[in-house]
Amino acid sequence: MTASNDDMIEYWNGAVGERWVRLNAELDRALSKISGAALAFAAAKPGERVLDIGCGCGTATYELAKAVGGGGDVTGVDVSRPMLAYARSRGPGVNFIEADASVHRFHPTHDLVFSRFGVMFFADPAAAFANIRHALAPHGRLAFVCWRDVKENLWASAPYDAALHLLPPQKPSDPLAPGPYAFADPRRVRDILSKAGYRDIRLEKLDSTLYMGADAEEAAAQALNVGPLAYAARELDEALREKLRAAAKGALAKFKTAEGIAPPAACWLVGARA
Ligand SMILES: C[S@@+](CC[C@H](N)C(=O)[O-])C[C@H]1O[C@@H](n2cnc3c(N)ncnc32)[C@H](O)[C@@H]1O
């Protein structure tokens with residue numbers, strides 16, 4: 001029996017999905033360097049047929065549409081209704097479908113299956129990737145970006161660690177559970193993809209930065225919008241959130257660059273063939 005993604009589907013259809021829509025411009029700015037690197041790695045070409053898994057609000061999906069041009073075809077797939085509604089409102093040129101990518105019956109016509117941080121949420125990753133492989137034409141390729149260990153992602157871990165002493169006791173997290181860091185272990189990613197029938201699997205380290213704001217104040221506010229501190233603080237009262245923000249601000253001030261606060265972000269660029 002296939003493990004169910006129901007909890008994740010509910011999660012991305014709730015407050016989190018709404019928040020991603022509201023903060024879309026900021027999140028896109030935060031991810032712009034990583035996004036550019038992931039799209040370059042995927043190298044969509046004019047005329048190609050592309051599927052964007054977990055496309056969310058559609059930013060990378062529309063970039064892919066530009067790359068394939070009028071002779072190509074791009075489809076975004078996601079489970080989040082609010083994010084898909086926003087993605088659809090952003091223009092013509094892309095098809096969007098609401099579906100669980102782990103079980104949806106795709107046509108086996110795609111040259112490229114891409115994802116920007118949208119494939120770490122499956123309850124049974126090997127079964128999900130085996131299903132996704134059926135979306136690829138015989139010569140087709142897979143290319144996605146996912147996070148490495150949270151400790152290497154200082155944009156996420158630095159504000160969380162600085163505020164941890166203020167938080168209520170936190171449950172230890174299961175590193176294999178569906179979630180943003182589920183693909184941190186490269187051996188696990190290889191194992192999942194080979195079990196799912198892919199070949200020529202390669203993982204490249206992408207050491208980048210994530211833009212969090214013009215100054216430490218803005219960056220601390222962002223740490224309460226997205227990442228592990230935001231998750232831990234989601235149901236806390238405003239007085240405590242204010243203290244968390246102050247702790248995060250102190251930790252993030254260290255990452256000042258010429259462009260603003262931009263802590264290290266550590267990703268895998270993952271490629272494979274059908
Ligand atoms: C971290 S967000 C990334 C969104 C987008 N790719 C971006 O980079 O802005 C993860 C996305 O994966 C989607 N997702 C989670 N589980 C999914 C599933 N089983 N099938 C399709 N999409 C899924 C979520 O709804 C969400 O939009």
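# Exercises: salt bridges, buried residues and a ligand

The side chains of Lys33 and Glu259 form a salt bridge, with 3.4 Å from N to O. The model we explore is predicted, so to speak for local features pLDDT must be at least 70, side-chain atom pairs count only at pLDDT 80 or more, and totals for chains, interfaces and linings use all residues. Residues are numbered from 1 along each chain as its sequence is written, and side-chain values use heavy atoms, leaving out hydrogens and water.

**Exercise 1. Find where Lys33 and Glu259 sit, and decide whether each is buried or exposed or in between.**

Step 1: Recall the term. A salt bridge is a side-chain nitrogen of Lys or Arg within 4 Å of a carboxyl oxygen of Asp or Glu. The structure holds 18 of them.

Step 2: Locate the partners. Lys33 lies in helix α3 (residues 24–42), while Glu259 is in the loop between β7 (256–257) and β8 (260–261). The two are 226 residues apart, and the pair links distant parts of the chain. Helices (H or I, at least four residues) and strands (E, at least two) are DSSP runs, numbered from the N terminus.

Step 3: Check the accessibility. Buried means under 20% relative accessible area, exposed over 50%, and partly exposed in between (1.4 Å probe, protein chains only). Lys33 counts as partly exposed because its relative accessibility is 47%. Glu259 is partly exposed too, at 38%.

**Exercise 2. Describe the salt bridge of Glu238 and Arg245, and name the network around it.**

Step 1: Read the distance. The side chains of Glu238 and Arg245 meet at 3.5 Å, N to O.

Step 2: Compare the partners with the cut-offs. Glu238 has 47% relative accessibility and is therefore partly exposed. Arg245 has 18%, so this residue counts as buried.

Step 3: Widen the view. Glu238, Arg241, Glu242 and Arg245 are linked in a network of salt bridges.

**Exercise 3. What does Asn24 touch, and with which side chain does its own side chain make a polar contact?**

Step 1: Asn24 is found in helix α3, and its relative accessible area of 4% is why it counts as buried.

Step 2: List the neighbours. Contact means heavy atoms within 4.5 Å. Leaving aside residues up to four places away in sequence, Asn24 touches Cys57, Thr59, Tyr86 and Arg90.

Step 3: Pick out the polar contact. This is a pair of N or O atoms within 3.5 Å; within protein, one must be able to donate a hydrogen and the other to accept it, and residues adjacent in sequence count only if both atoms are side-chain atoms. The side chain of Asn24 makes such a contact with the side chain of Arg90, at 3.5 Å.

**Exercise 4. How many residues surround the ligand, and which atoms of Gly54, Asp78 and Ala101 lie by it?**

Step 1: Count the shell. There are 18 residues around the ligand, the closest being Gly54, Asp78, Asp100, Ala101 and Arg116. A residue belongs here if one of its heavy atoms lies within 4 Å of the molecule.

Step 2: Look at the atoms. A backbone N or O atom of Gly54 is 2.7 Å from a ligand nitrogen atom. For Ala101, a backbone N or O atom is 3.0 Å from a nitrogen atom of the ligand.

Step 3: Consider the cover. Taken alone the ligand exposes 590 Å², and the protein buries 96% of that. Accessible areas come from the Shrake-Rupley method with a 1.4 Å probe; for residues, only the protein chains shown count as cover.
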